[in-house]
Amino acid sequence: MSKTDDIYANPLDQVDTFRFDQKVVEVFPDMIKRSVPGYTTIIDGIGQLAKKYVQPNSRIYDLGCSLGAATLAIRQAITVPDCQIMAVDNSKAMIERCQSIQSGYNFETPVDVQEADINDIEFENASFVVLNFTLQFLPRDQRQNLINKIYSGLNDGGALVLSEKLTMGFSEIDQNIIDIHHNFKKQNGYSDMEIAQKRAALENVLIPDTREQHYQRFKSAGFSQYDTWFQYYNFASLIAVK
Ligand code: GEK
């Protein structure tokens, strides 16, 4: 059981830029479920998609794995032999906790938990790559290069699952959906002040794109098939197949 997220529950003189540090690790499962509509369904769906796309004798990459929820769903779901999961995050605190969580399970597919920047990873013999709410934290000018590298390292028939907070295509709709998302957080017990302080902390850290921008990146990288398999308010999960 993770602790309740109360990081922004008290008024702060100055809200610092959000970082994935030890404080966040302690409350992470609670934080992400109360903040990201559909998170649990997406994790389950990633397991289901892995069953369709993971190929025998191949690699699976979970990029920005945090505590490895997607990795665990994939390990539980797949039955194909001789695969390996590379779970990568650049937060030392996340990686240490992820390692201890993953080693508590005894599934057939081994996991290599690595502390690294996902921009520095070389992709090889990949059949399934997951970016579950991670690309949005990369500076925009790094995003195309990463999608290109993933495409190059994927085997034919392999898939990339990309979950992101989206900016909606029209500003009035965008503002209304943002309001509805804030209500979702309020219904999950966050106060207006917590929501406002968290929003300030994420300003310039979480930079959402539109669905069209993601589709354009897939297309430029060479993906010929892509679609949205899940959406709840402005949170969506996309799939692109090589
Ligand atoms: C889940 N996928 O539970 N390199 C490596 N890791 C990074 C980088 C980078 N350049 N930038 C950010 N991260 C997870 C949830 S959380 C999403 C992902 C959220 C990592 C960062 O340290 C954090 O652990 C993760 O990406 C984003 O399925 O908290 O909204």
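Trainee: What do the buried residues of α7 pack against?

Mentor: They pack against α1 and α6 (171-187). Packing here rests on heavy atoms within 4.5 Å. Keep in mind that this is a predicted model.

Trainee: Which residues of helix α7 are buried?

Mentor: Helix α7 covers residues 192-202, and its buried residues are E194, I195, Q197, K198, A201 and L202. The cut-off for that word is under 20% relative accessible area.

Trainee: Why is E203 called exposed?

Mentor: Its relative accessible area is 53%. Exposed means over 50%, so E203 passes the cut-off. E203 sits in the loop between α7 and α8.

Trainee: How far is E203 from A73?

Mentor: Their C-alpha atoms are separated by 30 Å. Along the chain, E203 and A73 are 130 residues apart.

Trainee: Now helix α2. How do you know what span to expect for α2?

Mentor: Count its residues. Helix α2 runs over residues 39-53, which gives 15 residues. The expected span is 1.5 Å times one less than that number. For α2 the expected value is 21 Å. From first C-alpha to last, α2 reaches 21 Å, close to what is expected.

Trainee: Which residues of α2 are buried?

Mentor: They are Y39, I42, I43, G45, I46, G47, L49 and A50. Look at the numbers with the helix turn in mind. An α-helix has 3.6 residues a turn, so residues three or four places apart point the same way.

Trainee: What covers the buried residues of α2?

Mentor: The cover includes the helices α1 (22-35) and α3 (69-77). It also includes the strands β4 (126-132), β5 (154-165), β6 (225-232) and β7 (235-241).

Trainee: Let's follow the chain past α2. What makes N57 stand out?

Mentor: N57 has a positive phi of about 55°, although it is not a glycine. N57 lies in the loop between α2 and β1 (59-63).

Trainee: Why is N57 called partly exposed?

Mentor: Its relative accessible area is 48%. Buried needs under 20%, and exposed needs over 50%. The value for N57 falls in between, so N57 is partly exposed.

Trainee: S58 is in that loop between α2 and β1 too. Why does S58 count as buried?

Mentor: Its relative accessibility is 2%. That is under 20%, so S58 is buried. Leaving out residues up to four places away in sequence, S58 touches D82, C83, Q84, N125, S127 and N155.

Trainee: Why does Y233 count as partly exposed?

Mentor: Y233 has 33% relative accessibility. The class lies between under 20% and over 50%, so Y233 belongs there. Y233 is in the loop between β6 and β7. Y233 also has a positive phi of about 55°, though it is not a glycine.

Trainee: Why is L162 called buried?

Mentor: L162 has a relative accessible area of 1%. Under 20% is enough, so L162 qualifies. L162 has its place in strand β5.

Trainee: What does L162 touch, beyond residues up to four places away in sequence?

Mentor: L162 touches L131, L135, H214, F218, A236, S237 and L238.

Trainee: H214 is on that list. Where is H214 found, and what is it in contact with?

Mentor: H214 is in helix α8, residues 211-221. Setting aside neighbours within four places in sequence, H214 is in contact with L135, L162, E164, L166, D209 and L238. H214 counts as buried because its relative accessibility is 1%.

Trainee: Last topic, the ligand. How many residues surround the ligand?

Mentor: The answer is 21 residues. The closest are Y39, G64, S66, D89 and N132. By class, the shell has 12 nonpolar, seven polar and two charged residues. Helices α1 and α2 each supply at least two residues of that shell.

Trainee: How much of the ligand does the protein bury?

Mentor: Taken alone, the ligand exposes 660 Å², and the protein buries 93% of that.

Technical notes:
Residues numbered from 1 in each chain as written. Predicted model: local features only at pLDDT ≥ 70, side-chain atom pairs only at ≥ 80, totals over all residues. Heavy atoms only, no water. Helix = DSSP H or I, 4+ residues; strand = E, 2+ residues; numbered from the N terminus. Buried < 20%, exposed > 50% of the residue type's maximum accessible area, 1.4 Å probe, protein only. Near = heavy atom within 4 Å. Areas by Shrake-Rupley, 256 points an atom, 1.4 Å probe, with all protein chains shown as cover. Nonpolar A, V, L, I, M, F, W, Y, C, P; charged D, E, K, R; others polar.
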